[in-house]
Amino acid sequence: MKRENLTDEQLLSQWARLVLPYLSPRDLAASACACRTLSRIASSVTSRRTADVARGLERYPIPFFNTTASPHPYSYFLYTPHPILSPSPSLSFSQSWGGEESRGIATDCERLQSLSSSFGGFEVGCDCDRCVEGRCACWSDMKLGVLKECGENCACGLTCENRRTQSGIPVRLKVVRDARKGWSLHAAEAIRRGDFVCEYAGEYLTTEEAQIRLKTYDELSLKGTISPALLVVREHLPSGKACLRVNIDATKIGNAARFINHSCDGGNLKLLLVRNSGSLLPRLCFFASADISEDEELNFSYGVSRIKENGLPCFCGSANCSGVLPSEET
């Protein structure tokens with residue numbers, strides 16, 4: 001059909017299908033009030049967003065389920081399957097979500113992710129076509145709880161046995177709304193103990209930037225205007241005299257792991273640092289620490305809880321719940 005033969009409503013519909021998937025929930029709701037055509041397309045965008053947290057960027061769709069009185073059918077943030085460098089404040093971000101395309105469209109966020117994959121790397125890797133435990137220079141013996149995998153400069157491909165955490169989320173998951181906890185991540189299939197579940201993806205931050213954001217997040221959390229997802233992990237060096245602090249913020253840019261809640265009893269997930277051969281920056285990956293049933297909530301320990309003035313309440317429900325969520329000192 002030629003453009004000059006289209007009616008005004010058809011032109012509006014074409015425009016809306018291109019533009020509305022880029023809008024925030026607030027702007028999307030405002031556009032829906034403009035006319036019947038925009039309302040219909042905005043509703044379809046919302047339905048597709050609810051159907052897949054991951055925007056088609058993971059192996060399986062990760063749906064939202066909200067059975068509470070909350071009017072919000074989904075949580076809005078930019079999705080990245082892998083951690084990225086903290087972007088410059090001068091860069092603008094956009095990401096199509098809820099359009100008719102089955103997979104995500106290339107965005108500033110994804111381009112940064114591609115650039116950051118080799119950040120801080122050096123020419124190190126194995127020359128194996130197929131890595132076997134004990135015969136590959138990159139294979140880890142899990143010293144100090146750090147898993148070592150093959151990296152960009154290794155000769156093996158993505159099917160290598162020593163790249164088990166590098167192909168996105170391998171299991172079916174779903175995000176469920178809890179009346180007290182808010183959004184939480186659940187298994188949508190049975191997961192065996194020891195299986196890789198997901199990586200914690202977000203922005204790598206310097207410690208200085210992490211402390212600035214933590215202070216802001218603490219203030220906003222008390223007002224109930226934000227649910228921060230900034231994870232801080234310390235890797236102790238072999239000497240035992242120093243440690244490397246890893247800060248990954250999934251509050252605005254992240255993946256499904258941002259919905260994993262704390263459990264005072266340690267939970268059913270174990271967090272491991274994973275180092276790709278040739279990369280200076282470690283990755284944070286979750287493995288099942290027990291057999292997990294379908295529909296079971298996924299959780300882990302954020303750390304040791306401290307009695308803190310205005311500390312956020314913990315609703316994990318475990319027998320030894322301290323009543324207060326662990327938090328990083330700002």
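A charge is taken to sit over a ring if NZ of Lys or CZ of Arg is within 6 Å of the ring centre and within 35 degrees of the ring normal. With that in mind, look at Lys174 in this predicted model: Lys174 lies over the face of Phe65, 5.6 Å from the ring centre.

A pair of aromatic rings is described by the distance of the centres and the angle of the planes. The model has 12 aromatic pairs. One of them joins Phe77 and Phe259, edge-to-face, with 5.7 Å from centre to centre and 70° between the planes. This pair links distant parts of the chain, 182 residues apart: Phe77 belongs to the loop between strands S1 (64–65) and S2 (78–79), and Phe259 to the loop between strands S11 (253–254) and S12 (261–262). Both Phe77 and Phe259 are buried. They also belong to one aromatic cluster, together with Phe64, Tyr74, Tyr76, Tyr79, Trp97 and Trp183.

Now turn to Tyr200 and Phe286. Their ring centres are 6.5 Å apart and their planes stand at 65°, which is over 60 degrees, so this pair is edge-to-face. Here too distant parts of the chain are linked, 86 residues apart: Tyr200 is in the loop between strands S7 (196–199) and S8 (203–205), while Phe286 is in strand S14 (residues 283–288). Tyr200 and Phe286 are both buried.

Phe286 leads us into a sheet. Phe286 in S14 is the bridge partner of Cys198, and S7 and S14 run antiparallel, joined by 3 bridges. These strands are part of an open sheet of 4 strands, in the order S4-S13-S14-S7, with mixed pairing. S4 (146–149) and S7 are at the edges with a single partner strand each, so one side of each has no neighbour in the sheet. On average, neighbouring strands here are turned by 35° against each other, direction ignored.

Finally, consider helix H5 (residues 207–222). Its 16 residues should span 22 Å at 1.5 Å a residue, and its end C-alpha atoms are 23 Å apart, which agrees. Which residues of H5 are buried? They are Ala210, Arg213, Leu214, Tyr217 and Ser221. These residues cover an arc of only 110° around the axis, so they lie on the same side of H5. An α-helix has 3.6 residues a turn, so residues three or four places apart point the same way. The face of H5 turned away from the buried side carries the exposed residues Glu208, Lys215 and Leu222.

Conventions:
Residues are numbered from 1 along each chain as its sequence is written. This is a predicted model: local features need pLDDT of at least 70, side-chain atom pairs count only at pLDDT 80 or more; totals for chains, interfaces and linings use all residues. Side-chain values use heavy atoms; hydrogens and water are left out. Rings of Phe, Tyr and Trp (its six-membered ring) pair if their centres lie within 6.5 Å; planes under 30 degrees apart count as stacked, over 60 as edge-to-face and the rest as tilted. Helices (H or I, at least four residues) and strands (E, at least two) are DSSP runs, numbered from the N terminus. Buried means under 20% relative accessible area, exposed over 50%, partly exposed in between (1.4 Å probe, protein chains only). The expected span of a helix is 1.5 Å times one less than its number of residues. The arc is that of the directions from the helix axis to the C-beta atoms. Two strands pair if DSSP finds at least two bridges between them. Axes are lines fitted to C-alpha atoms, for helices over the stretch in contact, and angles run from 0 to 180 degrees between N-to-C directions.
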